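Today I am opening my notebook on a new structure.

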Amino acid sequence: MEISDKLLCLFNADVRSEEDRYVVEVPKREVETGSIDPGETYRVALISRTVDSESDSTESDRPTSEPQPPVEPGELRYVEIEDIGKQGDGIARVERGYVIIVPDTEVGDRVKIEVTEVKSNFAVGEVIEEEL
């Protein structure tokens, strides 16, 4: 699966039926952070959460047709905190909208981080230097 560099946001949502249409609700934080604007039209990609029946293989055995995270554990990066998550941690977005969670930061902080944990849809980074 190829993900466009124009990806504005990434979130999980349920699809519900309303009379003659289906509705996907966009989380309020996606509008408040400035990624998208109410009243505008956007393309939406839906990705199923079902897993292949061939779940005997481990992730490392699977072909790498899906994009890999754009960061690796131990990688050093300069990031800007764009948002605050539900638990109060800073959120930075890098290539393709990939999220890096950075504890103990505030919106607008520009910091040098070391990536400490990498998952398929987000990473965690630790501040190693605050930029003035």
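**Entry 1: the surface patch.** Which residues form a nonpolar patch on the surface? I found V15, Y22, V24, V44 and L46, with about 550 Å² of accessible area together. For patches I took residues with over 30% relative accessible area and no salt bridge, joining like charges within 9 Å and nonpolar side chains (Val, Leu, Ile, Met, Phe, Trp, Tyr) within 5 Å. My areas come from the Shrake-Rupley method with a 1.4 Å probe, and for residues only the protein chains shown count as cover. V44 sits in the loop between α1 (28–32) and β3 (76–80). It is exposed, at a relative accessible area of 63%; I call residues buried under 20%, exposed over 50% and partly exposed in between (1.4 Å probe, protein chains only).

**Entry 2: ground rules.** This is a predicted model, and I kept local features to pLDDT of at least 70 and side-chain atom pairs to pLDDT 80 or more, while totals for chains, interfaces and linings use all residues. I number residues from 1 along each chain as its sequence is written, and side-chain values use heavy atoms, without hydrogens and water.

**Entry 3: the whole chain.** I counted one helix and eight strands, in the order β-β-α-β-β-β-β-β-β. These are DSSP runs numbered from the N terminus: helices are H or I with at least four residues, strands are E with at least two. Of the 132 residues, 22% count as buried. The chain exposes about 10,500 Å², and carbon and sulfur atoms supply 45% of that.

**Entry 4: salt bridges.** I searched the whole structure and got eight (a side-chain nitrogen of Lys or Arg within 4 Å of a carboxyl oxygen of Asp or Glu). R77 and E95 meet in one of them, at 3.1 Å from N to O. This pair links distant parts of the chain, with R77 in strand β3 and E95 in the loop between β5 and β6 (99–102), 18 residues apart. R77 counts as buried at 16% relative accessibility, whereas E95 is partly exposed at 37%. K119 and E117 make another, at 3.6 Å. I also noted that shared partners join R16, E18, R21 and E25 into one network. Within it, R16 and E25 meet at 2.1 Å, N to O.
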